[in-house]
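Hi,

Here is the structure I promised to pass on. Have a look at it first, and my notes follow below.

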Amino acid sequence: MDNSGFEAALEGRVDEMLSACTTCGACFTACPIAGPAGLGEADPKAVVSGVLDIVRLGSGPAESEKWAKACMLSGECIKACDYGVNPRFLLAMARLAMTGKNEPRERRKAGVQNFRRMSEDVGVLSHLQLSDDALERLGQKPSRRPPADNGELPDVVFYTGCNVLKTPHIALLCLDIMDAIGTSYKVMGGPSHCCGVIQLRTGDTETSSRFAGNTMDKLAQSKTGEVLAWCPSCFVQFTETMLPTFARATGETPFDMTPFMRFLQRNLDALRPLLKKRVDLRIALHKHPGVAGVMDAAEEILRAVPGVEIVDLAVPAVGLQSVNLATLPFYKKELQLAELEAARAASVDALVAVYHSDHRELCAHERDWPFRIVNVLEIVGESMGFAQEDHYKHLKIKQDVDAILADSADLIEGHELDRETARKVILLGMLGDQPLPLRASS
């Protein structure tokens, strides 16, 4: 499909939602970040009406622009709408419209720069942690194994997205669990299978649709037509923007996408008998509600692990994942500190995150607080009798570029990484990825 067809289909979807929206303001009232964004006294109807103006005209009232820019993709607005509108999608379209103030060349340049930076970070950080065999298993190196003769399609495609490869033990645990329950899969992901969200954020819809279209062609390769998504940003990008738009333009939906945690929940009967080992931990779950049902699924799976006790810390759960809270950095720091303090007060043994960006931002705090910080799948894997080492946390806790380089020297040499590039990525892409400073460096 050419870009003109994609843009026409996208405009058609937007126009339908604009017509359906009654500007009742329910979505704004339900939004958990309106108050922290300084919009607590704003008139909900006026703010929503202003968002529609932004979508149509590229600009609108200051309060409406502020709300659109502050969006953390919590998804509460979707639940609040009674008129079939996806307010989160309209806010994304408002942000897209606001990029129209920039020249097309500048939008494309920004998208290219952001994509290259992400690709470099993912490539270096994954290679600092993984052998060739592990990289091949995650689809990041050409397979040295001969292709299967039967040509049979796998049950599902497992789509990593890009950034989980910075914390690859999480993705490897997904594969270990699918192996154990007997689900066959093909792994796709990384920058070569981009969802297009980086380009969409800068306003480069042409490149975004091209990248996403190429990836969708590759993902539609399973018996069931199901793609298991790890990354919530990719999930929202495909299910709310790309797949519905391509379906409108072509009349076809190439696959259905399911969050991996909901897939595990659906297969809990197969998983439960494999959870044999007691894991005696008092834990708290670090929550982000942006993809419906994922946190509930994670909690149900954890409750199936013998020995696990779950404590509710009663702290706000907002956003799609930790990285999305960057729209309000001071609020983000407050939330993370409040959760760490609540976890200490509750005497938990572990603070358990689901998504990869949560783990990246929180894991080094393990050095300073009296509990572990782990991913939910580490607990599941432990109960099933296997583990994947969390090299990322091991390296990040060092808080020293030279020490990290020394620890990774064999892999740097084996993968022929440029040492200065590795130094830059460690400094900015690992140690710099620390919204709430560690105690010793605050």
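Let's start with F260: leaving aside residues up to four places away in sequence, F260 touches F158, C174, M178, L228, A229, W230 and L377. Bear in mind that this is a predicted model.

F260 also shows up when you look at the nonpolar cores. The largest one has 121 residues, and F260 is among those with the most contacts inside it, along with W67, M261 and L377. Helix α9, residues 168–181, gives the most to this core, with nine residues. There is also a second, separate core of 16 residues, which includes L128, I412, A422 and V425.

Now for the rings. I found nine aromatic pairs in the structure. Take F28 and W67: their ring centres are 5.1 Å apart and their planes sit at 75 degrees, over the 60 needed, so the pair is edge-to-face. F28 belongs to helix α2 (residues 26–30) and W67 to helix α4 (residues 62–70), so this pair ties together parts that are 39 residues apart in sequence. Both F28 and W67 are buried.

Another pair, W369 and F371, is tilted, with 6.2 Å centre to centre and 35 degrees between the planes. W369 has 8% relative accessibility and counts as buried; F371 is buried too, with a relative accessible area of 4%.

Cheers

Note on methods. Residues are numbered from 1 along each chain as its sequence is written. This is a predicted model: local features need pLDDT of at least 70, side-chain atom pairs count only at pLDDT 80 or more; totals for chains, interfaces and linings use all residues. Side-chain values use heavy atoms; hydrogens and water are left out. A nonpolar core is a set of buried Ala, Val, Leu, Ile, Met, Phe, Trp, Tyr and Cys residues joined through side-chain atoms within 4.5 Å. Buried means under 20% relative accessible area, exposed over 50%, partly exposed in between (1.4 Å probe, protein chains only). Helices (H or I, at least four residues) and strands (E, at least two) are DSSP runs, numbered from the N terminus. Contact means heavy atoms within 4.5 Å. Rings of Phe, Tyr and Trp (its six-membered ring) pair if their centres lie within 6.5 Å; planes under 30 degrees apart count as stacked, over 60 as edge-to-face and the rest as tilted.
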